[in-house]
Amino acid sequence: MQHRIDINKYGPRGQTMAEAIQSCVHCGFCLAACPTYKVLGEEMDSPRGRIYLMKEVLEEKLSIEEAQPYLDRCLGCIGCVPTCPSGVRYDELIVSYRAFSEPQRRRSLTDSMARRMIAETLPYPSRFRKAVASGKVGKLFKGAMPEKMGAMLGLIPTDLPVDKPLPPFYPAKGKRRAKVALLSGCVQTVLDPDINWATLRVLSENGVEIVIPQAQGCCGSIMMHIGEEERAKKLARQNLQAFRPNEVDAIITNAAGCGSGMKEYGLLFKGLPEESEAEQFAHKVQDITVFLDKLGFKPPAALPEPLTVAYQDACHLLHAQGIRNPPRNLLASIPNLTLLEVGDGGLCCGSAGTYNIEQPEIAHQLGQRKVQHILNTGAQAVVSGNIGCLTQIQTHLTERGISLPLFHTVKLLDWAYRQTN
Ligand code: SF4
Ligand code: SF4
């Protein structure tokens, strides 16, 4: 796709955006992998259409506002990237474009309020906890509130598990085989703190010593996703200071979105003094499943009863990080467990960061689609490596009145280990 983009106008990311646009040959192979194209059937709601729209805006032939409805409907699920034969980096393009366009947008008061609430609440566990308390009050007024605020309130769980702060250090069991640092995350620590505790136990069981830097914060990926670049940088800088990548074998994450967000730190700080430090940090980031698979994990004990589980690929594991086999290897190693595939080609469940809040109707359709595919497997339980997917699936199962246990991958592994310990 030829372009006439004046890259100097768009800062360090101008080159990134121009290269992605230039490499698109308009073939359309990506269309089938795009959830919004599947649901809406519109060219402009496909990756190819969106690349064209971004090109037109950057060439100043189209206004940001004209293109925005279609770009806002992009989930950022990255499903289009692995299918592209020309290697178009749509992931880098959309993140860079949102960072460029967001400061120039005119938003309604309710939109601005909803975004402000997201930015000021979700990345901070203590604020998020407090917001849940006020959300319970807010639910009483839900019907009287604007649509997006209503969608936001609807996502807030009615009860939260008890907070279990993590220690600064967790020892390896037996001979030490590795030393890692853990990103504890933000939303996940509030919604399901046991995922982090299960991660500590599983790593320890495999001879891994863990440091949990107490000065760390949210990875910033939610802010990157919604184009709040300065907020994302502020959060990322906090982590660059809190972690010591040179002193550990890996920086471990157990949330797909955090892992892919931290792997983009180099792009976030492109052209800035922190770029090389950010790249070193990003290079050390590993999902827990990848780390254990590479390390060689201890075989788990047999489950007390046979169990069939459907494994749901989180987009930010499968598409954004190319992680397909490691979680399957871990699960398949558990005796008495049968792994079933969700036959939808890894299509996004509609969770995708704040998408549920920003685009509730499409998110709902995708959530229902995903649940149907899961039910088609006949599995007794669902496993995924991302709290967003687990929450979305739970919401849509509940809506259908179906009760099915949901596990984070590491919690299931932890459970299997504890059958003999
Ligand atoms: S598959 Fe790649 S090259 Fe083809 S239209 Fe999609 S983004 Fe462009
Ligand atoms: S990131 Fe996802 S929603 Fe956006 S264009 Fe690509 S496949 Fe479609």
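The legends below describe close-up views of a predicted model.

**Figure 1. Domain assignment of the chain and the contact of domain 2 with domain 3.** The domain assignment divides the chain into domain 1 (7-104), domain 2 (109-155), domain 3 (169-294) and domain 4 (299-417). In the close-up, 8 residues of domain 2 are in contact with 12 residues of domain 3. On the side of domain 2 that touches domain 3, two or more residues are given by each of α6 (109-121) and α7 (125-139). Helix α7 gives the most to this side, with 3 residues. By class, the residues on this side of domain 2 are 6 nonpolar and 2 charged, with no polar residues.

**Figure 2. Residues around ligand 1.** The shell around ligand 1 holds 13 residues, of which C24, C27, C30, R48 and C84 come nearest. Divided by class, the shell around ligand 1 has 9 nonpolar, 3 polar and 1 charged residues.

**Figure 3. Residues around ligand 2.** Around ligand 2 there are 14 residues, and those that come nearest are C34, C74, C77, G79 and C80. The elements that give two or more residues to this shell are α2 (35-40) and α3. The shell around ligand 2 comprises 10 nonpolar residues, 3 polar and 1 charged.

**Figure 4. Packing of helix α3 against helix α5.** Helix α3 (residues 47-58) packs with helix α5 (residues 90-101) at an angle of about 45°, and their axes lie 11 Å apart. Because of this angle, α3 is oblique to α5. The crossing of the two helices is left-handed. Helix α3 makes the contact through P47, I51 and M54, and helix α5 through Y90, L93 and Y97. The contact of α3 with α5 has 6 nonpolar residues, with no polar and no charged ones.

**Figure 5. Crossing of helix α20 and helix α21.** The axes of helix α20 (residues 360-377) and helix α21 (residues 387-399) cross at roughly 80° and come within 9 Å. Angles of 65 to 115 degrees count as roughly perpendicular, and α20 and α21 are therefore roughly perpendicular to each other. From α20, the contact is made by G367, Q368, K370, V371 and I374. From α21, the residues that make the contact are Q392, I393, T395, H396 and L397. By class, the contact of α20 with α21 has 4 nonpolar, 5 polar and 1 charged residues.

Definitions and conventions. Residues numbered from 1 in each chain as written. Chains lettered and ligands numbered in written order. Predicted model: local features only at pLDDT ≥ 70, side-chain atom pairs only at ≥ 80, totals over all residues. Axes fitted to C-alpha atoms, helices over the stretch in contact; angles between N-to-C directions. Helix = DSSP H or I, 4+ residues; strand = E, 2+ residues; numbered from the N terminus. Parallel < 35°, antiparallel > 145°, perpendicular 65-115°, else oblique. Left-handed = near helix turned anticlockwise from the far one by under 90°. Contact = placed C-beta atoms within 7 Å. Nonpolar A, V, L, I, M, F, W, Y, C, P; charged D, E, K, R; others polar. Near = placed C-beta within 6 Å. Domains from an automatic or database assignment.
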